[in-house]
Amino acid sequence: MKVTLFVRAPKKPEKRVVVERDVVIGRGEDCDLRVLSNDVSRKHCQLVIGQSEVAVRDLGSGNGTLINNQQIAPNVDARLTSGDMVQIGPLVIKVEFDGAAIEPAMLEPADSPERLEDLPAKNTNS
């Protein structure tokens, strides 16, 4: 199943990332989607993509993972509905799948150079 992630980070333009397999999100160099922020654990969470459903699993992160502003339990798959918002540190990711509100011509391949650049830590100097 194709899942589209609309990734928003502070002071950065929104990125669209298309994935078709499980992805690990975190600060570590071996993560599929890497986020450079001290608010994000090395292996923070995993997006679990099944044939007919999508879930997120917090991998025991220090700051937790939120779905629609509700913290989820660690190491348990939390089922997502298309349009749900997942928060990981300073990132907010809108998750869409099953063609909900997405025109096929707008999708980018998962290996696109625009996938998801390393994102800087949020600026705490206000």
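In the predicted model, strand β7 pairs with β10 (residues 85–88) in the antiparallel sense, and three bridges join the two strands. Within this pairing, Thr 65 has Ile 88 of β10 as its bridge partner. Both strands belong to an open sheet of six strands, which has the order β2-β1-β11-β10-β7-β8 and antiparallel pairing. The edges of this sheet are formed by β2 (15–19) and β8 (70–71); each has a single partner strand, so one side of each lacks a neighbour in the sheet.

A further open sheet contains five strands in the order β4-β3-β5-β6-β9, and its pairing is mixed. Here β4 (33–34) and β9 are the edge strands, and because each pairs with a single strand, one side of each is left without a neighbour in the sheet. Strands β3 and β4 run parallel and are joined by two bridges. Gly 26 is bridged to Arg 34 in β4.

Taken as a whole, the chain has eleven strands and zero helices, and the pattern along the sequence is accordingly β-β-β-β-β-β-β-β-β-β-β. Of the 126 residues in the chain, 41% are buried. Among contacts with a separation of 6 or more, 44% are between residues 24 or more positions apart. The accessible surface of the chain is about 7100 Å², and carbon and sulfur atoms account for 45% of this area.

The largest nonpolar core has 26 residues, of which Val 3, Leu 5, Val 19, Leu 47, Val 56, Leu 80 and Val 95 touch the most other members. Two or more residues of this core come from each of β1 (3–8), β2, β3 (23–26), β5 (45–49), β6, β9 (77–80), β10 and β11 (91–97). The most is given by β11, which provides four residues. Leu 47 has contacts with Val 3, Leu 5, Val 19, Asp 22, Val 23, Val 54, Ala 55 and Leu 80, when residues up to four places away in sequence are not counted.

Ser 61 is located in the loop between β6 (54–58) and β7 (65–67). The relative accessibility of Ser 61 is 11%, which is under the 20% limit, and the residue therefore counts as buried. Two polar partners of the Ser 61 side chain were identified. The side chain of Asp 58 makes a polar contact with the side chain of Ser 61 at 2.6 Å, and the backbone nitrogen of Gly 64 lies 3.0 Å from a polar atom of the Ser 61 side chain. With residues up to four places away in sequence left out, Ser 61 touches Ser 41 and His 44.

Asn 69 has a relative accessible area of 61%, which is over 50%, so the residue is classed as exposed.

Terms used: Residues are numbered from 1 along each chain as its sequence is written. This is a predicted model: local features need pLDDT of at least 70, side-chain atom pairs count only at pLDDT 80 or more; totals for chains, interfaces and linings use all residues. Side-chain values use heavy atoms; hydrogens and water are left out. Buried means under 20% relative accessible area, exposed over 50%, partly exposed in between (1.4 Å probe, protein chains only). A polar contact is a pair of N or O atoms within 3.5 Å; within protein, one must be able to donate a hydrogen and the other to accept it, and residues adjacent in sequence count only if both atoms are side-chain atoms. Contact means heavy atoms within 4.5 Å. Two strands pair if DSSP finds at least two bridges between them. A nonpolar core is a set of buried Ala, Val, Leu, Ile, Met, Phe, Trp, Tyr and Cys residues joined through side-chain atoms within 4.5 Å. Accessible areas come from the Shrake-Rupley method with a 1.4 Å probe; for residues, only the protein chains shown count as cover.
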